[in-house]
Amino acid sequence: MKWIVSALMSGLLIFISGTLTVAAHELSLSSMKVSITSRGQTATFHLYDTQAAKEFYQQLPLRLELSNFRDAQWMFYPPEKLTVTSGEAYHDGKKGELSYYAPWGDVFMLYKDFYAGDEMHRLGVGISGIEDIEPMSGTVLIEASDK
């Protein structure tokens with residue numbers, strides 16, 4: 001019983017502090033949010049407080065072409081590559097995440113869970129429109145959001 005209470009309290013503290021625990025890494029959420037719109041579908045993401053997320057945000061607004069990858073994600077290529085650190089890398093992507101794949105320089109939205117090795121870097125977490133990611137295609141508009 002003590003273990004359950006302790007686990008619940010830990011989760012509450014993580015929620016209150018605005019920090020999401022990711023595997024062995026903790027990433028704090030920033031005040032930055034982005035909306036990504038394609039074909040009338042919009043997904044909104046809350047960005048983490050990382051250098052890569054800040055660099056991505058500074059490039060907005062962007063209008064780019066989407067490419068589908070392995071029927072699990074929509075990806076696009078921002079004009080400039082992002083700075084990443086090994087401490088932010090992870091293996092298992094989860095539906096609703098916005099991430100960056102360093103070797104290719106692409107940002108991607110996951111509409112299914114996905115494993116992609118060591119070079120995935122989380123940029124943000126979906127806060128609305130996660131179910132709207134899969135039907136997207138074509139041109140996407142990425143812009144700062146206040147939602």
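Rings of Phe, Tyr and Trp (for Trp, its six-membered ring) are taken as a pair if their centres lie within 6.5 Å; planes under 30 degrees apart count as stacked, over 60 as edge-to-face and the rest as tilted. The model is a predicted one, with local features needing pLDDT of at least 70 and side-chain atom pairs counting only at pLDDT 80 or more, while totals for chains, interfaces and linings use all residues. Residues are numbered from 1 along each chain as its sequence is written, and side-chain values use heavy atoms, with hydrogens and water left out.

First, the overall layout. The chain has 2 helices and 11 strands, where helices (H or I, at least four residues) and strands (E, at least two) are DSSP runs numbered from the N terminus. Going along the sequence, the order is α-β-β-β-α-β-β-β-β-β-β-β-β. Of the 147 residues in the chain, 44% are buried; buried here means under 20% relative accessible area, exposed means over 50%, and partly exposed is in between (1.4 Å probe, protein chains only). The accessible surface of the chain is about 7,900 Å², with 55% of it belonging to carbon and sulfur atoms; these areas come from the Shrake-Rupley method with a 1.4 Å probe, and for residues only the protein chains shown count as cover. As for contacts (heavy atoms within 4.5 Å), 61% of those between residues at least 6 apart in sequence join residues at least 24 apart.

Back to the rings. The structure holds 3 aromatic pairs. In one of them, Phe-69 and Trp-104 have ring centres 5.3 Å apart and planes at 85°, so the pair is edge-to-face. This pair links distant parts of the chain, 35 residues apart: Phe-69 is in strand E5 (residues 67-69), and Trp-104 is in the loop between strand E8 (97-101) and strand E9 (106-110). Trp-104 is partly exposed, at a relative accessible area of 41%.

5 of the 5 residues of E8 are buried, so the strand is largely enclosed by the rest of the structure. In a regular strand the side chains alternate between the two faces of the sheet. In E8 both faces are covered, with Glu-97, Ser-99 and Tyr-101 buried on one side and Leu-98 and Tyr-100 buried on the other.

E8 also has a partner. E8 and E9 pair in the antiparallel sense over 4 bridges, given that two strands pair if DSSP finds at least two bridges between them. The two strands form a hairpin with 4 residues between them, and Gly-105 in the turn has a positive phi of about 75°. Beyond its neighbours within four places in sequence, Asp-106 is in contact with Gln-73, Met-75, Phe-76, Tyr-77, Ser-99, Tyr-100 and Tyr-101.

Asp-106 leads on to the charges. Lys and Arg count as positive and Asp and Glu as negative, with His and the chain ends not counted. A salt bridge is a side-chain nitrogen of Lys or Arg within 4 Å of a carboxyl oxygen of Asp or Glu. Asp-106 is buried yet has no salt bridge, and the nearest side chain of opposite charge, Lys-81, is 8.5 Å away.

Elsewhere, the whole structure has 4 salt bridges. One of them involves Glu-97 and Arg-122, whose closest N and O atoms are 2.7 Å apart. Glu-97 in strand E8 and Arg-122 in strand E10 are 25 residues apart, so to speak distant parts of the chain linked by the pair. Both Glu-97 and Arg-122 are buried.Another salt bridge joins Lys-112 and Asp-71 (3.0 Å, N to O). This pair also links distant parts of the chain, 41 residues apart, with Lys-112 in the loop between E9 and strand E10 (114-128) and Asp-71 in the loop between E5 and strand E6 (73-76). Lys-112 is partly exposed at 32% relative accessible area, and Asp-71 is partly exposed at 43%.

Lastly, Gly-40 sits in the loop between strand E2 (25-38) and strand E3 (41-48). Gly-40 is exposed, with a relative accessible area of 71%.
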